[in-house]
Amino acid sequence: MDIAQDPEFCSMIDRLRDEILEGAEGDRKAFEELAAIDDPEEFARVLTAPGQPLWAREIAAFRLGLVRDPRAFEALVLLLNHRDPERCVSAAYALARLGDPRTARAAAALATNELRVAYALLPVRLLADLRAPESVPALVTVLERRLASDDPHWRVGVACAEGLGALGDPRALPALEAALPHPRLGRAAAEALARLPR
């Protein structure tokens, strides 16, 4: 697929265009120029040049990720851990396509960092997509931490259960069974258990 026609790329560009609409004329011009080019070396320069705005780094990292350029890795991981969920979505999409062997380890570290659990939803979903050796242990760990009935981050637990069901690994059985009585996790856990080999 032509990157310019990629739905996630178009969504990111629309979001960033709205973000800088109120900015200086120079920012708007620079944005349109960067959004239109197709030069990995220019994107790499943006990632390393000092003083680049976040929107420019995001475009550069995303574009490099889609062409499997490992220079995108560090910037995409930082964006995966951003407080803005839409930035996390774009970063996860690019990381899933980057093919860097470090991605699963980084996603597992972000997902299991209890201090950042409010931002763990996209790393959890990325782990399920990657189907890496790190995926099941990390998802089980995060799910087990979400089992308290009053846990405010239950959506992360639901994503863990869904991911474990998609992965179909029997190592997830104890954690999913433990989640069955949970008022918000139970349904996702039951559906995941139905997909596990017995």
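Visitor: What pattern does the protein follow, read along the sequence?

Guide: Read in that order, the pattern is α-α-α-α-α-α-α-α-α-α-α-α. There are 12 helices and zero strands. Helices (H or I, at least four residues) and strands (E, at least two) are DSSP runs, numbered from the N terminus. A word on the source: this is a predicted model, where local features need pLDDT of at least 70, side-chain atom pairs count only at pLDDT 80 or more, and totals for chains, interfaces and linings use all residues. Residues are numbered from 1 along each chain as its sequence is written, and side-chain values use heavy atoms, with hydrogens and water left out.

Visitor: What box do the C-alpha atoms of the protein fill?

Guide: Taken along the principal axes, the box is roughly 55 × 30 × 30 Å. Of the 198 residues, 48% count as buried. Buried means under 20% relative accessible area, exposed over 50%, and partly exposed in between (1.4 Å probe, protein chains only).

Visitor: What makes the link between Arg15 and Glu86 a salt bridge?

Guide: The test is a side-chain nitrogen of Lys or Arg within 4 Å of a carboxyl oxygen of Asp or Glu. For Arg15 and Glu86 the N to O distance is 3.8 Å, so the pair passes the test. Arg15 lies in helix H1 (residues 7–20) and Glu86 in helix H6 (residues 85–98), so the bridge ties together parts that are 71 residues apart in sequence.

Visitor: Why is Arg15 called buried, and what is Glu86 called?

Guide: Arg15 has a relative accessible area of 12%. That is under 20%, so the word buried applies. Glu86 stands at 47%.

Visitor: Which residues are linked in a network of salt bridges?

Guide: The network links Arg15, Glu19, Glu58, Asp84, Glu86 and Arg87. The side chains of Arg87 and Asp84 meet at 3.6 Å, N to O. Arg87 is buried, with a relative accessible area of 5%. A search of the whole structure finds 18 salt bridges.

Visitor: How do you know that the reach of H4 is close to the expected value?

Guide: The expected span of a helix is 1.5 Å times one less than its number of residues. H4 has 13 residues and reaches 18 Å from its first C-alpha to its last, close to the 18 Å expected.

Visitor: What is said of the phi of Arg68?

Guide: Phi of Arg68 is near 60 degrees, a positive value in a residue other than glycine. Arg68 is in the loop between H4 and helix H5 (73–80). At 53% relative accessibility, over the 50% mark, Arg68 counts as exposed. Arg131 also has a positive phi, near 55 degrees. Arg131 is in the loop between helix H8 (121–130) and helix H9 (135–145).

Visitor: Which residues of H7 meet H8?

Guide: They are Thr103, Ala104, Ala107, Ala108, Leu110 and Ala111. On the H8 side are Pro123, Val124, Leu126, Leu127 and Leu130. Contact means heavy atoms within 4.5 Å.

Visitor: What is in contact with Leu95, leaving aside its neighbours within four places in sequence?

Guide: Phe73, Leu76, Val77, Leu80, Thr103 and Leu126 are. Leu95 is in helix H6. Its relative accessible area is 1%, so Leu95 is buried.
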